[in-house]
Amino acid sequence: MERRMRNTLPFAFDIDDRKDRNPAAAACLFLVAQAHRRRVTPLCVQLGSADRVKLSRADQHCVDVHADGDVRSMRLGIVDAWISSNHATLVRESSCWKIVDERSMNGTFVNGRRHHAAVLHDGDLIELGRTFFVFREAVTVPLDASCVMDGFTLDRPAGLATMTPALTERFDELARLAASRTAIVIQGPSGSGKELIARHSLR
């Protein structure tokens, strides 16, 4: 009897990625669109572990991480013929990030304006060649999350795919609980997707 009662205690699942047990805020760069492609695989790169990020043209999307002394560097290669081989660099300066154009052929644009150098703010739209990125200043991520997430890793029903690492971990936690006999209460404001989650995760 005691075991049965323990298994049916409700588990409260709150749709709020800020309530992750091991939160860490990290700057992230999201690849959101490419004008020369109808469909693009979304990409999220965490910048928290790097001091400099080189943005360049590549034969396939890739991320290389290496250390040069005390400087932690990252190279983000993007498939876009309009991006230069050494197009721009993201540089961490104190508590902010700056983007610097490296004399690229087609320029670096932030929110539609061409810049040689610009301090980035949360939500800024960055345009390199025909590729568009969104810079997010502080995205909540699990402490052990990978520095890169792409659309190929999002094996989820439509409506539950997310590029937010902390929310991904919450959905994984919910899927594990859904396979058990634990009663689950899904909480969240109106319009946050409670019914969608219940339909796909708890059936």
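**Salt bridges and core**

Colleague: What is the relative accessible area of Asp64?

Modeller: It is 37%, so Asp64 is partly exposed. Buried means under 20% relative accessible area, exposed over 50%, and partly exposed in between (1.4 Å probe, protein chains only). This is a predicted model, where local features need pLDDT of at least 70, side-chain atom pairs need 80 or more, and totals for chains, interfaces and linings use all residues. Numbering runs from 1 along each chain as its sequence is written, and side-chain values use heavy atoms, without hydrogens and water.

Colleague: Which residue forms a salt bridge with Asp64?

Modeller: Arg75, with the closest N and O atoms 3.3 Å apart. A salt bridge here is a side-chain nitrogen of Lys or Arg within 4 Å of a carboxyl oxygen of Asp or Glu. Arg75 is partly exposed too, at 28%.

Colleague: How many salt bridges in the whole structure?

Modeller: The search finds 5. One of them joins Asp51 and Arg72 at 3.4 Å. Asp51 counts as buried, at 18% relative accessibility, while Arg72 is partly exposed at 40%. Another joins Lys98 and Glu93, 3.1 Å from N to O.

Colleague: New topic. How many residues are in the largest nonpolar core?

Modeller: It has 24 residues. Such a core is a set of buried Ala, Val, Leu, Ile, Met, Phe, Trp, Tyr and Cys residues joined through side-chain atoms within 4.5 Å. Leu29, Leu55 and Ile99 are among those with the most contacts inside it.

Colleague: And what lies over the face of Trp82?

Modeller: Arg130, at 3.8 Å from the ring centre. The cut-offs are NZ of Lys or CZ of Arg within 6 Å of the ring centre and within 35 degrees of the ring normal.
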